[in-house]
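The structure I was working from is shown here.

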Amino acid sequence: MKRKQLTHTSQKGFLCCLCALLLLYVSSCRSGEKKNTPEQTSSALVVAYLPMWRMPYTPDWEKLTHVCLAFGYVQQDGELDRAEVNHHQQVIREAHDHGVKVLLSIGGGGSKNFSSALLHPEYRARLVENLSAAVQELELDGIDVDYEEWDGGQQGASEADLQKLEVLELFYKELREKLGPDKMITAAVNAGWDNGGFGLYNCFNNTMHEYLDFVSLMIYDETGPWSKERTGPHSSWDFFEKAIGHWLTNRQLPKEKLVAGVPFYGYRFMQEGDATGAQGMGYKNILEQYPKEDAHLKDNIGLLYYDGRTTIERKARYIQEHQLGGIMFWEITQDTEDPEKSLLVAIDNILRPKDKK
C-alpha cells in the first residue's frame with residue numbers, strides 16, 4: 001500500500017513536471033510569434049499607378065500589393081477604349097506571377113466623356129457591361145474608378161456636381177452587382193477638405209464607399225498651373241492631415257478603406273504668387289537636375305516643390321500609426337532606381353518590413 005502510494009506520487013510528480021515543461025515551451029513559442037508578427041506581416045496596401053504610355057516598364061513587384069493600369073478611356077456612349085492596356089497585357093501576367101492584384105483604372109484627370117456616360121441610363125449600363133467584359137477578358141482583379149469631372153462650388157459642390165454624385169454612386173452600385181463580391185472596385189477621389197469656401201469637398205457622400213473595397217485620396221495637386229496666385233507646396237503636411245481627417249470624420253470612411261495618396265512628382269513655379277506656367281517634374285528628374293542638392297532629403301529647391309524621401313517616410317509612418325488602409329502614389333515610373341533615394345523603397349521599409357531579413 002505504501003509502495004503503491006509512492007508510485008502514484010511519483011507519477012503525479014512526473015506529470016506535473018511534464019505539464020510545466022509543455023507550458024514553458026508553448027509560452028516561449030507564443031512569445032516568439034508575438035515578437036516576430038510586426039516584422040513578418042503587414043496588412044497595409046501599397047497601390048501604384050502605372051500609365052500605359054510609360055511602357056515598357058517593369059515595377060519592383062515585391063514592394064507592391066496592387067497596380068492600377070492607367071487608363072481605360074470612357075466614351076460618351078458608354079463604350080470603353082482600352083487599346084493601350086490591350087497592347088501591354090504582359091504586365092498583368094507579370095503582376096499576378098508576383099501576387100500583385102491588377103485593376104484597370106478608368107477616367108483620369110484629362111477625362112471629358114465620363115459624365116455623359118454616367119448621366120444616361122442606357123450608356124451607363126453599356127459601360128458596366130464593357131467593364132465586366134474587360135475584367136473577364138484581361139483576367140483583371142477589378143476596376144479602379146478615377147472620376148474627376150467636377151465643377152466645384154462655394155459649398156463644396158455645384159448643382160451639377162450633386163447630380164453627378166447621385167449617378168456616380170448608382171454606377172458604383174450597378175458595377176458591384178455586375179462584378180459580384182469577388183472582384184474589386186476602388187476609387188481615386190479628390191482629397192479636398194471642408195475649408196468653408198470654394199472646393200470639391202461635398203462631391204462625395206457618406207455611403208458611396210459601401211460599394212468599394214478601398215478609396216484612394218489624391219492628396220496632391222493643391223497647387224499647380226491652375227492655382228492662379230497660389231504657389232507653394234502641392235502636397236503639404238497640413239493638406240495630408242486635413243484631407244484624411246475630412247474623409248474619416250465628414251465622409252465617415254472606415255479607416256481600413258482609406259488609402260492615402262502621395263505624389264512622385266512636383267511643380268516648379270516661374271515666380272512666387274503666380275502659378276501661370278508652372279511645370280510638372282517627376283521625382284527622378286528632380287534628382288537628375290539637382291545632383292548636388294541632396295534633393296532626396298528636401299521638399300523644395302527654390303520654387304520647385306515636391307515630396308522628398310523624408311516626407312514620404314513621415315507620411316508612411318502616419319499611415320502605419322493610425323492604422324489606415326495603406327498608401328497610393330502617382331506614379332511609379334517617376335521614382336528613382338537608386339535604392340538609397342527611392343520613394344518606394346522608403347515606403348516599403350516602413351509599411352512592409354516583413355520582406356526584410
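This is a predicted model: local features need pLDDT of at least 70, side-chain atom pairs count only at pLDDT 80 or more; totals for chains, interfaces and linings use all residues.

**Entry 1: the cover over α10**

I began by asking which residues of α10 are buried. I found L343, L344, V345, A346, I347, D348, I350 and L351, where buried stands for under 20% relative accessible area, exposed for over 50%, and partly exposed for anything in between, using a 1.4 Å probe and protein chains only. That is eight of the nine residues of α10, so I noted the helix as mostly covered. The cover over these buried residues includes β1 (45–51), β8 (258–263), α8 (283–289), α9 and β13 (326–330).

Residues are numbered from 1 along each chain as its sequence is written, and side-chain values use heavy atoms, with hydrogens and water left out.

**Entry 2: the chain as a whole**

I counted 10 helices and 13 strands in the chain, and of its 357 residues 49% count as buried. Looking at contacts (heavy atoms within 4.5 Å) between residues at least 6 apart in sequence, I noted that 73% join residues at least 24 apart.

**Entry 3: α9 beside α10**

Two packed helices are described by the angle between their axes and the distance between the axes. For helix α9 (residues 309–321) and helix α10 (residues 343–351), the axes come within 9 Å and cross at roughly 30 degrees, which makes α9 roughly parallel to α10. Here the axes are lines fitted to C-alpha atoms, for helices over the stretch in contact, and angles run from 0 to 180 degrees between N-to-C directions. Angles under 35 degrees count as roughly parallel, over 145 as roughly antiparallel, 65 to 115 as roughly perpendicular, and the rest as oblique.

From α9 the contact takes R309, I312, E313, A316, R317, I319 and Q320, and from α10 it takes L343, V345, A346, I347, N349, I350 and L351. I sorted the residues of this contact into nine nonpolar, two polar and three charged, with Ala, Val, Leu, Ile, Met, Phe, Trp, Tyr, Cys and Pro counted as nonpolar, Asp, Glu, Lys and Arg as charged, and the others, Gly among them, as polar.

**Entry 4: α7 beside α9, and K315**

I then turned to helix α7 (residues 237–249), whose axis comes within 11 Å of that of α9, crossing at roughly 20 degrees, and this makes α7 roughly parallel to α9. The residues in contact are W237, F240, E241 and I244 of α7 with R314, K315, Y318 and I319 of α9. They divide into five nonpolar, no polar and three charged.

Leaving aside its neighbours within four places in sequence, K315 is in contact with S235, S236, W237, F240, V262 and D307.

**Entry 5: α5 and α6**

At what angle do helix α5 (residues 121–138) and helix α6 (residues 159–179) pack? I recorded an angle of about 40 degrees, with the axes 10 Å apart, and that makes α5 oblique to α6. The contact is made by R124, L127, V128, E129, L131, S132 and V135 of α5, together with V167, L170, F171, E174, L175, K178 and L179 of α6. By class I listed nine nonpolar, one polar and four charged residues in the contact of α5 with α6.

Y49 is found in strand β1 and counts as buried, at 2% relative accessibility. Not counting residues up to four places away in sequence, Y49 touches C68, S105, D144, A188, M328, F329, W330, E331 and I332.

E256, by contrast, has its place in the loop between α7 and β8, and at 54% relative accessibility E256 counts as exposed. I noted 9.5 Å between the C-alpha atoms of E256 and D213, which lie 43 residues apart along the chain.

How values were computed:
Helices (H or I, at least four residues) and strands (E, at least two) are DSSP runs, numbered from the N terminus.
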